[in-house]
Amino acid sequence: MAKVKGLTDNMVAVLRVLADREGGAGFAREILGAMEGKTFNGVNATLAAAAGKGWATKEKAVFGEGENAKMLTKYTITDAGREVIATDEEADAEEEVAE
C-alpha cells in the first residue's frame with residue numbers, strides 16, 4: 001500500500017499524539033508538551049495543515065483558567081485522520097517485509 005500524498009513523518013507523529021489524547025483533541029501547546037525536538041510554530045502549522053486536509057478539525061476554545069484563560073485553536077482528529085495514520089503504519093510494515 002502506498003503512502004498517502006501530502007502525509008509527512010512529522011504530520012504522522014503529531015496526529016498520533018493527538019489521537020492518543022483523551023477524546024482525540026488538544027491544543028498545539030499540549031501536543032508540543034508530548035513531543036521532543038519540536039517547536040510550537042512547527043506543531044501548530046502541522047495541525048493546521050492536517051485540518052486543511054480533513055485529518056483534523058479546528059475550533060476556538062478556552063485554554064487555561066481564570067485571568068490566564070485565552071481563546072486558542074483546539075484540534076480534534078477525525079476518522080479520516082485515524083485512517084491515514086493507520087495506513088501509514090501499514091505502509092511502513094510492508095516496506096519492512098520487502099527489505
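I am working from a predicted model, where local features need pLDDT of at least 70, side-chain atom pairs count only at pLDDT 80 or more, and totals for chains, interfaces and linings use all residues. Residues are numbered from 1 along each chain as its sequence is written, and side-chain values use heavy atoms, with hydrogens and water left out.

I placed Lys 38 in the loop between α2 and α3; helices (H or I, at least four residues) and strands (E, at least two) are DSSP runs, numbered from the N terminus.

Which residues does Lys 38 contact, leaving aside neighbours within four places in sequence? I found Asn 10, Leu 32 and Val 43, with contact meaning heavy atoms within 4.5 Å. The Lys 38 and Asn 10 side chains also make a polar contact at 3.0 Å (a pair of N or O atoms within 3.5 Å; within protein, one able to donate a hydrogen and the other to accept it, and residues adjacent in sequence counting only if both atoms are side-chain atoms). Their C-alpha atoms are separated by 9.4 Å, and they lie 28 residues apart along the chain.

Next I turned to α1, where the buried residues include Val 12, Leu 15 and Leu 18. I then checked Ile 85, which touches Val 12 and Leu 15, among others.

Technical notes: Buried < 20%, exposed > 50% of the residue type's maximum accessible area, 1.4 Å probe, protein only.
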